[in-house]
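Here are my notes on the model you sent. They run from the overall fold to single residues.

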Amino acid sequence: DEIKTIFEGVGEELKKHGTSFENVLRVTVYLRDLNDRERFLNKYWQKYFPKNPPARTCLEAGLGECRAEMDFYVAVPD
């Protein structure tokens, strides 16, 4: 599923840059169908942010064939 793939890819990038999901400050989520928030997004959100989740904005957007896009704002250590 696309949302799972996004989280897995972001997790790999975070690790490469010496940080983790714990340092995510804010996420903007663009969904083709806002109902996907409950159907798909929330289970991964709870998995990757079990404590102190970052701020989240969810917007419905015309994404064509894509189900979701996300912008992650992260604190990266020096």
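Predicted model: local features only at pLDDT ≥ 70, side-chain atom pairs only at ≥ 80, totals over all residues.

1. For 78 residues, the rule puts a compact globule near 12 Å. The protein chain has 12 Å, so it agrees with the rule. The C-alpha trace spans about 35 × 25 × 20 Å along its principal axes.

2. Next, the fold. The protein chain has 2 helices and 3 strands. Their order along the sequence is α-β-α-β-β. Take the contacts between residues at least 6 apart in sequence: 82% of these join residues at least 24 apart.

3. Burial and surface. Of the 78 residues, 31% count as buried. The accessible surface comes to about 5,200 Å². Carbon and sulfur atoms account for 47% of that surface.

4. Charges. The protein chain carries 12 positive and 14 negative charges.

5. The core. In soluble globular proteins, nonpolar side chains tend to be buried together. Here the largest nonpolar core holds 19 residues. Phe-7, Phe-21, Phe-49, Met-70 and Phe-72 have the most contacts inside it. Helix H1 (2–16), strand S1 (24–31), helix H2 (36–48) and strand S3 (68–74) each supply at least two residues of this core. H1 gives the most, with 5 residues.

6. Phe-72 deserves a look. Residues up to four places away in sequence are not counted here. Beyond them, Phe-72 touches Ile-6, Phe-7, Val-10, Phe-21, Val-24, Arg-26, Val-27 and Phe-49. Note that Arg-26 is on this list.

7. Thr-28: buried or exposed? Thr-28 is found in strand S1. Its relative accessibility is 7%, and buried means under 20%, so Thr-28 counts as buried. Leaving aside neighbours within four places in sequence, Thr-28 is in contact with Thr-57, Leu-59, Glu-69, Met-70, Asp-71 and Tyr-73.

8. Arg-67 is found in the loop between strand S2 (55–60) and S3. At 23% relative accessibility, Arg-67 counts as partly exposed. What does Arg-67 touch, not counting residues up to four places away in sequence? The list is Glu-2, Ile-3, Tyr-30, Leu-31, Arg-32, Asp-36 and Phe-40. Arg-67 and Lys-47 are 20 residues apart in sequence, and their C-alpha atoms are 19 Å apart in space.

Terms used. Residues numbered from 1 in each chain as written. Heavy atoms only, no water. Helix = DSSP H or I, 4+ residues; strand = E, 2+ residues; numbered from the N terminus. Rg over C-alpha atoms; globule rule 2.2 N^0.38 Å. Buried < 20%, exposed > 50% of the residue type's maximum accessible area, 1.4 Å probe, protein only. Contact = heavy atoms within 4.5 Å. Areas by Shrake-Rupley, 256 points an atom, 1.4 Å probe, with all protein chains shown as cover. Lys, Arg positive; Asp, Glu negative; His and termini not counted. Charge placed at Lys NZ, Arg CZ, Asp CG, Glu CD. Core = buried A, V, L, I, M, F, W, Y, C linked by side-chain atoms within 4.5 Å.
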